[in-house]
Amino acid sequence: MSDQSTPVERDEQTLTMVTAINQTLAAEMQRDDRVVVFGQDVALSGGVFRATEGLVEKFGNDRVVDMPLAEAAILGSAVGLAAGGMIPVPEIQFLGFSYQAMHQLAGQVARFRYRSQGRFPMGITIRSPFGGGVRTPELHSDSLEGQLCNIAGLKVVTPATAADAKGLLTEAIRDPDPVIFLEPLRGYRGIKGPVPGGEYRVPFGQARWAVPGDDLTIITWSYQVEVATRVARRFAEQGISVGVLDLRTLVPLDIASIVTAVERTGRVIVLEEAAPTGGYAAEIIATINEHAFYSLEAPPTRVSGFDTPYPVGMLEDTYVPDVRRVEAAVNSLLRAAP
Amino acid sequence: MTLHNEDLVGILCEMTKARIASDRLWSLQRQGRIGTIAPIDGQEATTVGASWALDPNYDWVLPQYREPMALGRYGPEVLNRFAAWAIGHPAGGHIPEPIRVFPPQISLATQILHAVGLAWSQKLRGEPGVTLVFFGDGSTSEGDFYEAGNLAGVLDVPVIFLCQNNQWAISTPTRRQTAAAGFAAKAEAFGIPGVTVDGMDPLAVLEVVTEARYRALAGKGPTLIEAVNYRLSAHTTADDPTRYVPEAELAAARERDPLIVFRRQLEDRGIWDRAMQADAERAGEQAIDQAWNWASNLPLQQPDLFDHVFATPNQRQRQQRSELETYLRGDQ
């Protein structure tokens, strides 16, 4: 576990998350010519969010490739590329579209090392934007991380800051196993912060205290770290110390930091954007029960989306947890007593 | 490629061995010693003929689940591993370096996309090789087949799509898979050549695969080949084809059994005789004996369950493994 006071290098820059991602892709392509970036609209247009802007000019059409509109083809060909010694960094344009490649993702990408008993490791980094708040059409904003975490053999990475976008993406591309790297839609330009220059890696499985706290901890990831941080600031004004633990990676999971959070605050809310049933917040609460039950002062609780499909624009703000909903949950949990 | 008599003899030996291995695995399943297995009867000519066109040093083969019995061209280890795969030993999926063969694929048509990716890597790395992928007539109804053909056409990669049209996808005949004139016709939509070949004739298959390989090596891109053969046995040990395969049709197909027809051809050429047949059968028995022996003596510990999920197991997997080990010790 690390905290906010990690020293940063002199040449740090303030960047949006999308620029941090873009620069990291360029740096990794520069470092290793086996890295290939491909997906829908990644070359000529530079990606629908400009995450891959400028890469084709720098690295050419062989390494930055516009693909036909077929998600299974993107992930299925990544399997072959990895087996052939390349380092594929495919993009699924929106995470909801990954349903059209789920057989390749869950049945092939995540299993090939296992199926071949180590002969064919799948050093693939799948980048995909996800999460709500930007009024996309249907199936663009779904938070599928709970489903993804249920796929053995896949690492699930969820940066919440621009610096982590760099550090975790660098780590993902160098990881010998498949990683799905989830980029929050609202965070591309809505999250901005200092990003260390030069080589910067953030190891998987090490959560981060976005806000240290003593009275209650909100455990969350990706853009909801931002929401939770705002909530924590409001409570700080009232003299209540709400901590925010940013998990950074869901698989692998930093169990020790979760235990520390429970021991430190006794009260825990897990905050997620996805539907609650069978979701990852449930998994974290089960983990708390296994490892830290006797440190609890109140039942651990969760704030989630709802058990509905991700809705269309006019209902979106109701579905996605916001500051008010999280505040209400914090107030309720602070009052909880046997 | 110039064919010598040794090639023709080698092809028939390999076809004979494949049938014997398949028969043996069938009876091992009936004895309850291995799980479900899909026999190769009727597809030996296509598989062996195609493999003979390839250079095992450079060319990749992606099988479905019957072909590994007939890939002796890539060395005896392929059959060893297939026997282990049939038993259900995890090592069955590990075909060691440097053999350029993928493990069997059960999720049909997914391997066609893997082949496009592999061929793409060969193109990017400037390797002097091609990738050949086997799949069945049923697989051509999967989305992955179309995505793969389309992508290969766009990327112009050195891949050979080899459709084993054995007329049946379990009980579904080809007329229920497609209304198209044939499976090779689908190449038109991908902008690549499509060729139909007699899949009961190993030399015909060898010839078209050789040509496709030269095209690919010359940078002229992919080819779709439909090898028309016939599934002479059941889909798998769990299937009863007498429920749906017309008897007369099967009887006619048996007349074209590649093991009989090709043997007769070699006998007519004076390069095969009864003694060679006996030798080939003995070699086949030895090969599957050896593979079975190797596979059934592989060590296995139950906690090996956790091996090779990731390069390094994570905390949860380590904990689960250790708990399982404790449980298993207590259980003894």
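Student: Why is D156(B) called partly exposed?

Tutor: This is a predicted model. In it, D156(B) has 17 other C-beta atoms within 10 Å. Buried needs 20 or more, and exposed needs 12 or fewer. The count of 17 falls in between, so D156(B) is partly exposed.

Student: Where is D156(B) found?

Tutor: In the loop between helix 5 and strand 3 (159-165) of chain B.

Student: What makes H308(B) count as buried?

Tutor: H308(B) has 20 C-beta neighbours inside 10 Å. The cut-off is 20 or more, so H308(B) counts as buried. H308(B) lies in the loop between helix 10 and helix 11 of chain B. Phi of H308(B) is also positive, near 70 degrees.

Student: What makes the peptide bond from E97(B) to P98(B) cis?

Tutor: Its omega is near -5 degrees. P98(B) is found in the loop between helix 3 and helix 4 of chain B. Chain A has a cis bond joining V251(A) and P252(A), with omega about 0 degrees. P252(A) lies in the loop between strand 13 (249-251) and helix 10 (255-265) of chain A.

Student: Why does the radius of gyration of chain A agree with a compact globule?

Tutor: With 338 residues, a compact globule would have a radius near 20 Å. Chain A has 20 Å, so the two agree. In chain A, 57% of the residues count as buried. Of the contacts in chain A with a separation of 6 or more, 79% come from residues 24 or more positions apart.

Student: How many residues of chain B are in contact with chain A?

Tutor: 35 residues of chain B are in contact with 35 residues of chain A. Helix 4 (110-125), helix 5 (143-155) and helix 11 (315-331) of chain B each supply at least two residues of the chain B side. Helix 4 of chain B gives the largest share, 12 residues. By class, the chain B side has 17 nonpolar, 13 polar and 5 charged residues.

Key. Residues numbered from 1 in each chain as written. Chains lettered and ligands numbered in written order. Predicted model: local features only at pLDDT ≥ 70, side-chain atom pairs only at ≥ 80, totals over all residues. Rg over C-alpha atoms; globule rule 2.2 N^0.38 Å. Contact = placed C-beta atoms within 7 Å. Helix = DSSP H or I, 4+ residues; strand = E, 2+ residues; numbered from the N terminus. Nonpolar A, V, L, I, M, F, W, Y, C, P; charged D, E, K, R; others polar.
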